[in-house]
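Me: I am new to this structure. Please walk me through how to read it, one feature at a time.

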Amino acid sequence: MKVFVTGVGGQLGHDVMNELAKRGHEGVGSDIAPVYSGIQDGSAVCGMPYVQLDITDGAWVRRALEQIRPDAVVHCAAWTAVDAAEAPENREKVRAINVDGTRHIAEACKALGCKLMYFSTDYVFDGQGEAPWQPDCDAFAPLNYYGETKLGGEQAVKALLERYFILRIAWVFGLNGKNFIKTMLRLGETHDTLRVVNDQIGTPTYTLDLARLVVDMIGTEQYGCYHATNEGGYISWADFAAEIFRQADMHVQVMPVTTAEYGLSTAARPFNSRLDRSKLPESGFTPLPDWRDAVRRYLDEMKKSAV
């Protein structure tokens with residue numbers, strides 16, 4: 001299987017490329033940089049084929065995919081800076097990447113007849129209540145501009161394609177990029193106490209585990225919308241932070257606060273990020289491991305990469 005992966009300079013794209021290599025698939029990576037700009041960790045992604053691609057340029061996207069002619073496209077590229085997306089000067093660029101860029105990818109996939117996997121987010125919902133969001137729920141009401149544009153990407157995929165997977169994920173962490181675990185570890189080096197929000201509820205997603213599911217999924221015809229996070233129940237960011245410090249053996253006290261008390265975010269955040277993942281096993285896919293186990297393995301990988 002030949003797979004074209006966008007956004008390989010980020011957390012998920014990096015791990016998807018490595019997973020493809022492990023299974024003997026032909027992966028071709030792309031990103032906006034002229035050469036691969038992710039972590040130089042000696043993994044397969046660093047030596048796999050790479051092409052520069054600006055997904056906001058429809059003609060460029062069409063030329064690239066026509067030349068490569070993949071069986072599937074895994075579309076990881078996105079604007080993910082949630083607060084920065086709210087700035088008026090950034091909005092045109094955010095939409096160009098998350099909506100127009102996704103439409104360009106979908107149009108090229110339609111022309112070639114190949115599969116597309118698009119990653120969306122819990123932010124497409126309004127974040128109210130306590131019931132887990134169902135993957136086929138259409139009660140969309142994004143609270144912020146990032147969520148609005150990710151929903152726009154979903155709508156473009158659905159309008160253009162039949163052979164698509166939409167995978168909504170949340171609270172993502174991986175080796176190749178910034179994330180909550182890295183932030184907590186960095187702050188924990190200089191703080192004995194940290195204030196962390198406890199009224200936003202969801203579940204973390206380790207990109208290494210997600211990449212395995214992605215490669216499983218694109219090898220099937222089980223198209224549609226899915227939710228994928230690690231297993232282990234629903235938690236708050238404060239719970240997540242406490243477990244990170246416990247496993248890292250760092251003596252940092254986590255002080256739970258409400259979102260209103262924290263008060264530092266520009267963009268509104270959903271309180272309810274619970275994603276129902278039951279469609280995965282119902283469709284024959286193996287759920288991701290427990291998030292606590294994912295944190296343990298991630299911390300081990302961070303130690304190895306630091307050596």
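Me: In which helix is leucine 185 found?

Reply: Some ground rules come before that. This is a predicted model, where local features need pLDDT of at least 70 and side-chain atom pairs count only at pLDDT 80 or more, while totals for chains, interfaces and linings use all residues. Residues are numbered from 1 along each chain as its sequence is written, and side-chain values use heavy atoms, with hydrogens and water left out. Helices (H or I, at least four residues) and strands (E, at least two) are DSSP runs, numbered from the N terminus. Leucine 185 is found in helix 5, residues 180-188.

Me: Is leucine 185 buried or exposed?

Reply: Buried means under 20% relative accessible area, exposed means over 50%, and partly exposed is in between (1.4 Å probe, protein chains only). Leucine 185 has 14%, so it is buried.

Me: Which residues is leucine 185 in contact with, leaving aside its neighbours within four places in sequence?

Reply: Contact means heavy atoms within 4.5 Å. The partners of leucine 185 are Ile244, Phe245, Ala248, Met250, Leu299 and Met302. Take alanine 248: it is 63 residues from leucine 185 in sequence, but their C-alpha atoms are 8.2 Å apart.

Me: How do I read the sheet, and what is its strand order?

Reply: Strands of a sheet pair through backbone hydrogen bonds, either parallel or antiparallel. Two strands pair if DSSP finds at least two bridges between them. Here an open sheet has seven strands in the order 3-2-1-4-5-6-11, with parallel pairing. Strand 3 (50-52) and strand 11 (224-227) stand at the edges with a single partner strand each, so one side of each has no neighbour in the sheet. Strand 4 (residues 72-75) and strand 5 pair over four bridges. Valine 73 has leucine 116 in strand 5 as its bridge partner.

Me: Which strands does helix 1 touch?

Reply: Angles run from 0 to 180 degrees between N-to-C directions, and axes are lines fitted to C-alpha atoms, for helices over the stretch in contact. Helix 1 (residues 11-22) packs on the sheet and touches strand 1 (2-6), strand 2 (26-31), strand 4 and strand 5. Its direction makes about 165° with that of strand 1. Helix 3 (residues 91-112) lies across strand 1, strand 4 and strand 5, at about 160° to strand 5.

Me: How many disulfides does a search of the whole structure find?

Reply: A disulfide is a covalent bond between the sulfur atoms of two cysteines. The cut-off is a pair of cysteine sulfur atoms within 2.5 Å. The search finds zero. The sulfur of cysteine 114 has its closest cysteine sulfur in cysteine 109, at 3.6 Å, too far for a bond. Cysteine 114 is buried at 3%.

Me: What about aromatic pairs, and how many are there?

Reply: A pair of aromatic rings is described by the distance of the centres and the angle of the planes. Rings of Phe, Tyr and Trp (its six-membered ring) pair if their centres lie within 6.5 Å; planes under 30 degrees apart count as stacked, over 60 as edge-to-face and the rest as tilted. The whole structure has 16 aromatic pairs. Phenylalanine 125 and phenylalanine 140 form a stacked one, 5.7 Å centre to centre, with 20° between the planes. Phenylalanine 125 is buried at 1%, whereas phenylalanine 140 is partly exposed at 24%.
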